[in-house]
Amino acid sequence: MKEFRGRIAVVTGGGTGMGRELARQLSAEGCHVAICDVSAEHMAETKALCERQAPRGTRVTTHLCDVSDERQMLAFRDAVQESHATDHIHLLFNNAGIGGGGSFLKTDREEWDRTFAICWGGVYYGTRAFLPLLVASREAHIVNTSSVNGFWAVLGPNIAHTAYSAAKFAVKGFTEALITDLRLNAPHVKVSLVMPGHVGTSIVMNSAAVLGRPSPKEMTTEDLVPYRDQMSHQGIPRDALSDDQLRAALQKIGEDFRDKAPLTGAAAATIILEGVRSDTWRILVGEDAKALDRMVRTAPEDAYEPDFMTRLRAKGLFDLSLQPEE
Ligand SMILES: NC(=O)c1ccc[n+]([C@@H]2O[C@H](COP(=O)([O-])OP(=O)(O)OC[C@H]3O[C@@H](n4cnc5c(N)ncnc54)[C@H](O)[C@@H]3O)[C@@H](O)[C@H]2O)c1
């Protein structure tokens, strides 16, 4: 699909980050956009930003929907059909996601299941719900957001990352399998897999909010225990930081993740849309994602060894650690 003007795009998780930037860039080209999110406030901001740049007559609609709940996803689809007076859409961006569910052994099961349900279920239910509307278009494109954690299941040798990685691997496998299925059964519908490296968004803070975690400032001594466990996995004494120092370090990690990334959400959205235009199924977002992809493919047996991370850092990649002591 070379042009987005006059098309209809659905973007999940359009409240902030890459979803917001996709909505902005698409609507700026005159593409009608329907976004969903769990935050009405963030969606209202996205809508206002879109309307500032979009040509007259471009529709931008917002819909509250938790993508991990199939009934809400179906209601979202019905609302899109009604508010855009349409029986088809051209673009589906299954973008909503959160980080969480670190350890399969230690993290509580509710958080693990919620993370998996959003990151995988959102893509699955989104594709199920909107596929008939995509097939009904003359040409259409599905864009599923995985991650570098869709081919590398860790954040570093000392940080377990199981639910998110399992879900992102599922997104990758599903999307790759769809390439052939669509080619055989609906060749006018294309599909792309997005694998971003580090992109500067509020995902750390948003994920905590979606999971109902307190903000670092509000964390009790008990809430800080898992972070002290993480410190000890890294060889740092559990009591190296006072509670207040640890709260401040955790706050800074979320802010640094957003503010010190090698790529902005806007630049990431431009790369994703360029990938759709050029019908690239495999969209690696960022030089860090490209380098990591090469390293994992070259020596898969090494991917989970401590010195793999050292070599990554030596290349200046993934320098921003999620570790509280940095
Ligand atoms: N930022 C990165 O470095 C990075 C790297 C790799 C992959 N990703 C993936 O990119 C996608 C976009 O993330 P982002 O970085 O822009 O983060 P973000 O937090 O800015 O955006 C994600 C949006 O999804 C929404 N959301 C969360 N749970 C939801 C639910 N249950 N239903 C509906 N909406 C929900 C959030 O409210 C938020 O608006 C995610 O799938 C994420 O996993 C991000």
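Visitor: How many salt bridges does the rule find across the interface of domain 1 and domain 2?
Guide: This is a predicted model, where local features need pLDDT of at least 70, side-chain atom pairs count only at pLDDT 80 or more, and totals for chains, interfaces and linings use all residues. Residues are numbered from 1 along each chain as its sequence is written, and side-chain values use heavy atoms, leaving out hydrogens and water. A salt bridge here is a side-chain nitrogen of Lys or Arg within 4 Å of a carboxyl oxygen of Asp or Glu. Across the interface of domain 1 and domain 2, the number found is one.

Visitor: Which residues make up domain 2?
Guide: The bounds come from an automatic or database domain assignment. Domain 1 takes 8-201 + 263-288, and domain 2 takes 212-260.

Visitor: What area do domain 1 and domain 2 bury between them?
Guide: Buried area is the accessible area (1.4 Å probe) that two parts lose on being put together, summed over both. Of the area between domain 1 and domain 2, 47% is on carbon and sulfur atoms, and the total is about 670 Å².

Visitor: Which residues of domain 1 lose the most area to domain 2?
Guide: Three residues together account for 58% of what the domain 1 side buries. They are Asn158, His198 and Thr201.

Visitor: How many residues of domain 2 are in contact with domain 1?
Guide: Contact means heavy atoms within 4.5 Å. Domain 1 contributes eight residues, and the number from domain 2 is seven.

Visitor: Where is the side-chain N or O atom that lies 2.6 Å from an oxygen atom of the ligand?
Guide: A nitrogen atom of the ligand is 2.9 Å from a side-chain N or O atom of Asp66. An oxygen atom of the ligand is 2.9 Å from a polar backbone atom of Val199. The 2.6 Å distance from a ligand oxygen is to the side chain of Asp37.

Note on methods: A polar contact is a pair of N or O atoms within 3.5 Å; within protein, one must be able to donate a hydrogen and the other to accept it, and residues adjacent in sequence count only if both atoms are side-chain atoms.
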